[in-house]
Number of protein chains: 2
Amino acid sequence: MKVSAYIATSLDGYIARPNGDINWLMEADNSEEKEDYGYKEFSDSVDCMVMGRNSMEMVMSFPEWPYEGKRVVVLSNALKETPTQLKDKVDLYSGSLVKLVTELENDRCKRIYIDGGKTIQSFINEELLTDITITKIPILLGEGLSLFGKIKHDIKLKHIESKSYPSGFVKSTYEF
Amino acid sequence: MKVSAYIATSLDGYIARPNGDINWLMEADNSEEKEDYGYKEFSDSVDCMVMGRNSMEMVMSFPEWPYEGKRVVVLSNALKETPTQLKDKVDLYSGSLVKLVTELENDRCKRIYIDGGKTIQSFINEELLTDITITKIPILLGEGLSLFGKIKHDIKLKHIESKSYPSGFVKSTYEF
């Protein structure tokens, strides 16, 4: 089973401004053709999602639920109940990530999409992430929420491929 | 005139460990052929260098002076005198970077190589850098000295080219 992150960062490594704002990202691609940077292909390969509460709240603000047909798990210690509008769409989970991954594997998940900065950091720290795809946006923000955080020891990765786009975005995939 | 940075970072954006150690970088390329990642071509295009005192001290520890034939300026407010062994090799400078760049341009420098994390950040903040080449090493360090720092406002860059190598290094060049 693959446990995958797929995320964009600024050139200085931020996934959002300090307040969570990602408008800089939404506005970054001003090329004519709408390029999806391989997102649909990635998304089609995913049958499960794990995200934090912040990501869930961001997705709730979208006009339509983008994860129809996928099993979605939201990590939260604080939430005791699923928000009404997501009742049949997500499962809440708090507890061991190793157990969660084992459970999803037993439920025949083939690929889990790990979303959100903190969630990705937790999966890296628990050595559960199998691959990460980072799309570098050619902008410096100077400060913000970092994709990566502290780790217990160095982690060497294997570079799989990189691709650059006319917009200046550079997408690189690494395996752990 | 070009004012260029050319530097390697970990995947999480560090140029060195917190204590300045770059052994992780020296040990990162264990591929058979010794690839120089375009360094010689870049170095041959450079006729001037500007570096901070930390970089100067690191270079002094090398068995041989690597910048023969180039004009080298060391930025330092603290140093009052050039170290004896570098007397005929470097000029000390403290003061306005804009003035320094103008002076080097008047002296017919075609391309200045800006080296060292703090020095690069200063040149970015003064809007003096014209291009940056970053070679991403496929390793996470978790902490260290960041290539980029705080800036006054967003800076959009233009992606020029990216190239990946069998070692897993990915080199990207951007113009400001």
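## Starting with two cysteines

Are B:C48 and B:C109 buried or exposed? Both B:C48 and B:C109 are buried, where buried means under 20% relative accessible area, exposed means over 50%, and partly exposed lies in between (1.4 Å probe, protein chains only).

Before going on, here is how to read the model. This is a predicted model, in which local features need pLDDT of at least 70, side-chain atom pairs count only at pLDDT 80 or more, and totals for chains, interfaces and linings use all residues. Residues are numbered from 1 along each chain as its sequence is written, chains are lettered from A and ligands numbered from 1 in the order in which they are written, and side-chain values use heavy atoms, with hydrogens and water left out.

## The disulfides

A disulfide is a covalent bond between the sulfur atoms of two cysteines. Here the rule is a pair of cysteine sulfur atoms within 2.5 Å, and it gives two disulfides over all chains. One of them joins A:C48 to A:C109, with an S to S distance of 1.8 Å. This pair links distant parts of the chain: A:C48 sits in strand β3 (residues 48–52) of chain A, and A:C109 in the loop between α4 (97–106) and β6 (111–115) of chain A, 61 residues apart. Helices (H or I, at least four residues) and strands (E, at least two) are DSSP runs, numbered from the N terminus. Both A:C48 and A:C109 are buried.

In chain B, a disulfide joins B:C48 to B:C109, again at 1.8 Å from S to S. B:C48 lies in strand β3 (residues 48–52) of chain B and B:C109 in the loop between α4 (97–106) and β6 (111–115) of chain B, so the bond ties together parts that are 61 residues apart in sequence.

## How the two chains are related

## Where the chains meet

The contact takes 28 residues from chain A and 28 residues from chain B, with contact meaning heavy atoms within 4.5 Å. Because 100% of the interface residues of chain A are also interface residues in chain B, the copies meet through the same surface. Together, chain A and chain B bury about 2500 Å² between them, 64% of it on carbon and sulfur atoms. That buried area is the accessible area (1.4 Å probe) that two parts lose on being put together, summed over both. In chain A, the residues losing the most area to chain B are A:L11, A:L140 and A:D154, together 24% of what that side buries.

## Charged pairs across the interface

Side chains of opposite charge can pair when their charged atoms come close. A salt bridge is counted when a side-chain nitrogen of Lys or Arg lies within 4 Å of a carboxyl oxygen of Asp or Glu. There are four salt bridges between chain A and chain B. One of the pairs is A:E143 with B:K150, at 3.1 Å from N to O.

B:D154 and A:R17 also form a salt bridge, at 2.7 Å from N to O. This pair crosses between chains, from the loop between β9 (145–146) and β10 (155–156) of chain B, which holds B:D154, to the loop between β2 (14–16) and α1 (23–26) of chain A, which holds A:R17. B:D154 is partly exposed at 30% relative accessible area, and A:R17 is partly exposed at 22%.

## Salt bridges within a chain

The whole structure has 22 salt bridges over all chains. Within chain A, A:D88 pairs with A:K89, the closest N and O atoms being 4.0 Å apart. A:D88 is exposed, with a relative accessible area of 67%, whereas A:K89 is partly exposed at 25%.

Within chain B, B:D21 and B:R17 meet in a salt bridge at 3.5 Å from N to O. B:D21 is partly exposed at 24% relative accessibility. Back in chain A, salt bridges that share partners join A:R71, A:D91, A:E103 and A:D107 into one network.
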